[in-house]
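Biologist: I am new to this structure. Can you walk me through how to read it?

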Amino acid sequence: MAPLAAEDLERRPDAMIRVHKYNRLRCRVVFLWVLATMGVVLSWKRSRKQVGNGFDERLDLLQKAYYAGIEAQEKHNFEEATQHLEKAYNGHLGLLGNTHERTLQSLYALAQNQAKLGNLELALENVQTCRDIRRKTVGDFHSETIKSEYDIIALKSRLGRYNESLEEANALMRRVEREYNLTTPPEQRGGLLAALNRTDEAETLILDQINRLEACRKDKNLTLDDPYLEPGELNMSVLNCYCSLGMTYRQKSNFTEAAKMFRKSYLGFKALCGDHHPLTLQVWGNMAFTRMELGHVDEGEDIFREIVEVYRNSSNGGKNIVHC
């Protein structure tokens with residue numbers, strides 16, 4: 001229908017009334033449409049916010065369960081820790097998926113707790129799951145992947161699968177050495193060999209490293225192209241070698257030499273890091289064990305009492321012990 005001209009409207013007032021009503025109706029329809037659209041948008045935003053809040057709340061609860069499990073584990077309440085960690089792992093798995101870091105952290109902590117309870121097969125299975133996922137997500141040579149590899153070797157050894165664990169340990173060292181151009185310090189490799197009862201190889205490797213480090217201490221220029229032997233770290237590296245050599249001698253039941261190495265390491269860490277540094281206390285404890293194995297039980301017990309007193313006098317059960 002064609003719009004009416006002005007003169008036609010003057011001659012036909014009823015037509016003018018109809019147009020006015022039509023315009024009013026159209027304005028109302030547009031106004032209602034705008035209100036409806038605004039309502040839908042606001043409702044959608046509110047629902048999204050509620051969903052987001054629910055997700056965050058669930059995630060917070062799962063993190064609380066995880067930390068409750070870790071705390072129970074530190075207190076040796078392993079049954080309680082298992083309940084918390086299973087809840088955290090299953091929740092993270094459903095909420096975030098199996099490759100998320102929080103899921104893997106929960107599973108790894110659960111595996112550690114299972115090992116503490118003696119469920120070695122289940123612990124091994126879970127650590128292998130962590131290892132396999134990390135291989136795909138961060139690669140074979142990521143620190144977390146390699147840490148899982150070491151744990152798998154240790155668990156297989158505890159399960160009596162010595163040949164298998166030894167083969168995997170050798171393969172892992174070859175892989176790491178090839179990838180990082182021997183970036184695993186020899187004293188650490190020696191410690192691993194000693195733990196696998198390859199004590200003669202471990203002793204030779206660590207003694208060679210001690211001689212090399214002592215030469216570097218006399219001639220600092222030898223350290224320029226070496227990633228381990230920055231001048232400020234030389235003393236620490238030598239002390240780590242003494243500690244690893246002490247562990248090797250203990251493994252060989254040569255407790256006299258082991259005590260000498262632990263004493264050297266202890267005095268060095270004490271001078272370098274202080275009486276209350278964790279490394280100082282750890283080596284001191286090793287020395288106490290060795291003295292007891294030599295028949296000096298009273299001396300070993302006295303050392304352990306002093307170590308306990310250090311932790312007792314430190315706030316938070318030793319958590320604030322100074323680190324250098």
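Modeller: Start with a term. A salt bridge is a side-chain nitrogen of Lys or Arg within 4 Å of a carboxyl oxygen of Asp or Glu. Keep in mind that this is a predicted model.

Biologist: How many salt bridges does a search of the whole structure find?

Modeller: The search finds 17 salt bridges. The general idea is simple. Side chains of opposite charge can pair when their charged atoms come close.

Biologist: Take one case. Which residue forms a salt bridge with K156?

Modeller: The partner is E168. Their closest N and O atoms are 2.3 Å apart. This pair links distant parts of the chain, twelve residues apart. K156 sits in helix α6, residues 143-158. E168 sits in helix α7, residues 162-180.

Biologist: Is K156 buried or exposed?

Modeller: Look at relative accessibility. Buried means under 20%. K156 has 4%, so it counts as buried. E168 has 23%, so it counts as partly exposed.

Biologist: Which residue pairs with K252 in a salt bridge?

Modeller: That is E203, with the closest N and O atoms 2.7 Å apart. E203 is buried, with a relative accessible area of 18%. K252 is partly exposed at 33%.

Biologist: Which residues do salt bridges that share partners join into one network?

Modeller: R131, D132, R135 and E149.

Biologist: Now step back. How many helices and strands does the protein chain have?

Modeller: There are 13 helices and zero strands.

Biologist: How do I read burial for the whole chain?

Modeller: Use the share of buried residues. Of the 324 residues, 35% count as buried.

Biologist: Which residues make a nonpolar surface patch of about 740 Å²?

Modeller: V30, F31, L32, W33, V34, L35 and M38 make that patch. Take V34 as an example. V34 is found in helix α2, residues 13-74. Patch residues need over 30% relative accessible area. V34 has 35%, so it is partly exposed and passes that cut-off.

Conventions. Residues are numbered from 1 along each chain as its sequence is written. This is a predicted model: local features need pLDDT of at least 70, side-chain atom pairs count only at pLDDT 80 or more; totals for chains, interfaces and linings use all residues. Side-chain values use heavy atoms; hydrogens and water are left out. Helices (H or I, at least four residues) and strands (E, at least two) are DSSP runs, numbered from the N terminus. Buried means under 20% relative accessible area, exposed over 50%, partly exposed in between (1.4 Å probe, protein chains only). Patches are made of residues with over 30% relative accessible area and no salt bridge: like charges are joined within 9 Å, nonpolar side chains (Val, Leu, Ile, Met, Phe, Trp, Tyr) within 5 Å. Accessible areas come from the Shrake-Rupley method with a 1.4 Å probe; for residues, only the protein chains shown count as cover.
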